[in-house]
Amino acid sequence: MKKILLMLTAAVMAFPVMAVNQHDSAGQVLLMPYYKVRDGQNTLLSVINTSGDTKAIKVRFMEAMNSREVLDFNMYMSPYDVWTAAIKPTKEGAMLVTNDLTCTTPAIPKEGVEFRPYAYNGQLPDYPLDGGPTDLDRTREGHIEVIEMGIA
């Protein structure tokens, strides 16, 4: 079974990301241990479907303080598809931008989508306040989870 591959480039440094059930840097679950958009840095990422199968993938962005979710979506990758995106700072927090045409649900608009504080600022009943700051600055550092949900 072929796997998906995630490569991260932050500033001018490249970090390969390890995967669960790893074979040649590919697997069903990819955990990018750190993203940062502070001090003039952006985080650039690519997800590569290295197989001839269509993949359904869950992508989740978690803030660094308490691993609360700040953005998630499903992605549907065609065989040998490559999805590229960037996390960049906004005035108050961070956002995801991409010009890629890989299908996502919900769709990512051309202007990008800002990371959201709802899982840590008390606005959602299932996510109570966690004692940390409640502003968007908290979204500027965190980690990314890429999970293969199925093969078509």
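Thr102 counts as buried because its relative accessibility is 10%, where buried stands for under 20% relative accessible area, exposed for over 50% and partly exposed for the range in between, with a 1.4 Å probe and protein chains only. This is a predicted model, in which local features need pLDDT of at least 70 and side-chain atom pairs count only at pLDDT 80 or more, while totals for chains, interfaces and linings use all residues. Residues are numbered from 1 along each chain as its sequence is written, and side-chain values use heavy atoms, with hydrogens and water left out.

Thr102 sits in the loop between β9 (94–97) and β10 (103–105); strands here are DSSP runs of E with at least two residues, helices are runs of H or I with at least four, and both are numbered from the N terminus. Leaving aside residues up to four places away in sequence, Thr102 touches Met75, Tyr76, Met77, Asp81, Val82 and Trp83, a contact being heavy atoms within 4.5 Å. Thr102 and Tyr76 are 26 residues apart in sequence, and their C-alpha atoms are 6.8 Å apart in space.

## Asp81, the polar partner

The side chains of Thr102 and Asp81 are joined by a polar contact of 2.9 Å, that is, a pair of N or O atoms within 3.5 Å, of which, within protein, one must be able to donate a hydrogen and the other to accept it, and residues adjacent in sequence count only if both atoms are side-chain atoms. Asp81 itself is found in the loop between β7 (69–77) and β8 (82–89), and beyond four places in sequence it touches Val47, Ile48, Asn49, Tyr76 and Thr102.

Asp81 is buried yet has no salt bridge, and the nearest side chain of opposite charge, Lys55, is 12 Å away. A salt bridge requires a side-chain nitrogen of Lys or Arg within 4 Å of a carboxyl oxygen of Asp or Glu; Lys and Arg count as positive and Asp and Glu as negative, while His and the chain ends are not counted.

## The protein as a whole

The secondary structure of the protein comes to zero helices and 12 strands. Of its 152 residues, 45% count as buried, and among contacts with a separation of 6 or more, 64% come from residues 24 or more positions apart.

## Tyr127

Tyr127 lies in the loop between β11 (113–114) and β12 (141–151), and it counts as partly exposed because its relative accessibility is 35%.
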